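Thank you all for making the time this morning.

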Amino acid sequence: MSTLSLTVRDSHTMLRRNLLHARRYPSLTLNLLLSPVILLLLFVYVFGDVMSAGISGGADRSDYIAYLVPGILMMTIGSTVIGAAISVSTDMSEGLIARFRTMAIHRPSVLVGHVVGSVLKVLASLLLVGAVGVAIGFRSTDATALEWLAALGLLTLFSLALTWIAVGMGMASPNAEAASNMAMPLILLPLISSAFIPVGTMPGWFQPIAEYQPFTPAIETLRGLLLGTEIGHSGWLAVAWCLGLTALGYRWSTALFNRDPK
Amino acid sequence: MSTTTLASSAGPAAPVITATGLTKSYDGRTVLDGIDLSIAEGSVFALLGPNGAGKTTVVKILSTLIGADAGDLRVGGHDLAADPQAVRAAIGVTGQFSAVDGLITGEENMLLMADLHHLTRARGRRTAAELLARFDLVDAARKPVSTYSGGMKRRLDLAMTLVGDPRIIFLDEPTTGLDPRSRHSMWQIIRALVAGGVTVFLTTQYLEEADQLADRVAVLHNGRIAAQGTPEELKRLVPGGHVRLRFDDPAAYRSAALALDEVTRDDEGLSLRMPSDGSQRELRSVLDRLDSAGIEADELTVHTPDLDDVFFALTSSTHAPASKETAR
């Protein structure tokens, strides 16, 4: 069997295993979905009047929903990839991974299965959260098909980047608790991004932090694509963050995986 | 400490596992200090040692899980350092901690292995079904493995190892933690594998297990092989084996002491002790002598050497083993 077909076949097997876990135990993925959905509903229906007034000067909630949903979608990515960190660290502590290491399989397929599985789960989660957004009034009717495609591409790329980082965190953690603690920044970073309020309304000293962290450029780009707002340099920044984080997470994870197990 | 190597009674089959000068240390602590092993094709080799002796480390290295610091290692005709992937294709490993996926069913675990061995779908299903039946897991096949008992997990673990039909199998403490019934069923499974021509490398803490299963045994102590040979040869190294006769009647005791050679007398306990390997022949000769002298002992116990004795004998010349009586 050629290397390529071995790679594809073993990665496919590992992906099936990962999705089988998700199907048998959907609660992990669904629990991680709760926080973006709750925050979406909270900010729209509880804080909505004040937030709307702050954003658009009026009390029209639909403006704030339009502002908020792209941010919540990016936040969904941050919180659902935590599942990858948890399942990788759980997996690595099991004897089964030792078995995989002593089999004549394409070794990286173990990680590839986790990564592809996680990206698919994130996309499914985005669909669910997006549906909640549409249900409460989010509309993106002005976007062209190309913009929609670009938005989907950005969401996928950002999911891939954060998944590799989460997989690295899972590899570096001795157990599931440690992995979920280590992955906390992936939930916290969106809170200090432009997801809920524009960066320009934050204190001056804080603005650079909010502006140049990975979530803000990704959110601003998604807003631009879906709502036609100004993208500016955010597009390039977002792509650069995605590629940089993917490369970093990939190198980190594979280096840890290729080390001798304890 | 010198290595005691004994002549083997095993045939001249070609070795399929060889290690020369295998060395491994963790954080400056030497775990394996120059180990030499040679295991003939189709034989059962037992690596015997207490917890922490380094048995698992040997298995991990020979099964390509971790690297050695030094040593020339060959498994199944392939050099471990140069071509680990070829070694992996030849071996099956059942580690000490169950290598099963607890979140999915036993059958799904088997099919996962079939996929990773690149079997066709039909062949994978057939292999999985056959092995599940052979390991008495048909009823549990559709249940999540997390609900299995320890013995069932161990059987599934071994069944998964056999999916690729490996010719060399590593079993790290295959019966530790199993109840006696499961232990015996595991022994039978191992014997059946050997009957099929598979080479088995197992580790164990129990001399009895090595005795039951192995053609050759090596005793690992402080990172070195303290002795290797057949189980019989090993037990002969141990001075602890003896027969003890106890009498109620002092007269019988005295005449027995005269009738038998090489006895150690315990006049207060009215018991006699003589060295013996516990074999049928030696026992019969003792009993024959007692019979011909018309003496009947009130109690006869055979003490066979156990792992402790082997260790004391092999690793300490000054410290005689504490004598422990085991009624058999």
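**One residue, then the whole**

Let me begin with Arg246(B), which, once its neighbours within four places in sequence are set aside, is in contact with Gly269(B), Leu270(B), Ser271(B), Ala297(B), Asp298(B) and Glu299(B). Please bear in mind throughout that this is a predicted model. Arg246(B) has its place in strand β12 of chain B, which covers residues 242-246. To give a sense of distance, the C-alpha atom of Arg246(B) is separated by 48 Å from that of Leu156(B), a residue 90 positions away along the chain.

Let me widen the view to chain B. Of its 328 residues, 44% count as buried, and the chain has 11 helices and 15 strands.

Now to confidence, where some care is needed. Chain B has a mean pLDDT of 86, with 90% of its residues at 70 or more. Which elements of chain B mark the two ends of the range in mean pLDDT? The lowest is strand β1 of chain B, residues 4-5, at 48, and the highest is helix α3 of chain B, residues 106-116, at 97. Over residues 1-11 of chain B the pLDDT is below 50, although the model has 21 contacts for this stretch beyond near neighbours in sequence. Residues 317-328 of chain B also stay under 50, and there the model has 15 contacts beyond four places in sequence.

Let me return to α3(B), and to the way it packs on helix α4 of chain B, residues 121-134. The axes of α3(B) and α4(B) are 9 Å apart and meet at an angle of about 135°, and the two helices are therefore oblique to each other. The crossing of α3(B) past α4(B) is right-handed. From α3(B), the residues Gly106(B), Glu107(B), Met110(B), Leu111(B), Ala114(B) and Asp115(B) meet Gly124(B), Thr127(B), Ala128(B), Leu131(B) and Leu132(B) of α4(B). Sorted by class, the residues of this contact are six nonpolar, three polar and two charged.

Helix α7 of chain A, residues 109-135, and helix α8 of chain A, residues 145-172, have axes that come within 9 Å and cross at roughly 135°, which makes α7(A) oblique to α8(A). Here, too, the crossing is right-handed. The contact includes Leu111(A), Val115(A) and Val119(A) from α7(A), with Leu155(A), Leu160(A) and Trp164(A) among the residues from α8(A). By class, the contact of α7(A) with α8(A) has 10 nonpolar, five polar and no charged residues.

Finally, how do the two chains meet? In the model, 20 residues of chain A are in contact with 23 residues of chain B. On the chain A side, α1 (3-24) and α6 (95-101) are the elements that give two or more residues, and α1(A) supplies the largest share, seven residues. That side of chain A has nine nonpolar, four polar and seven charged residues. For the complex, the predictor gives an ipTM of 0.88 and a pTM of 0.83.

Note on methods: Residues numbered from 1 in each chain as written. Chains lettered and ligands numbered in written order. Predicted model: local features only at pLDDT ≥ 70, side-chain atom pairs only at ≥ 80, totals over all residues. Contact = placed C-beta atoms within 7 Å. Helix = DSSP H or I, 4+ residues; strand = E, 2+ residues; numbered from the N terminus. Nonpolar A, V, L, I, M, F, W, Y, C, P; charged D, E, K, R; others polar. pLDDT = per-residue confidence, 0-100. Buried ≥ 20, exposed ≤ 12 C-beta atoms within 10 Å, placed from the backbone. Axes fitted to C-alpha atoms, helices over the stretch in contact; angles between N-to-C directions. Parallel < 35°, antiparallel > 145°, perpendicular 65-115°, else oblique. Left-handed = near helix turned anticlockwise from the far one by under 90°.
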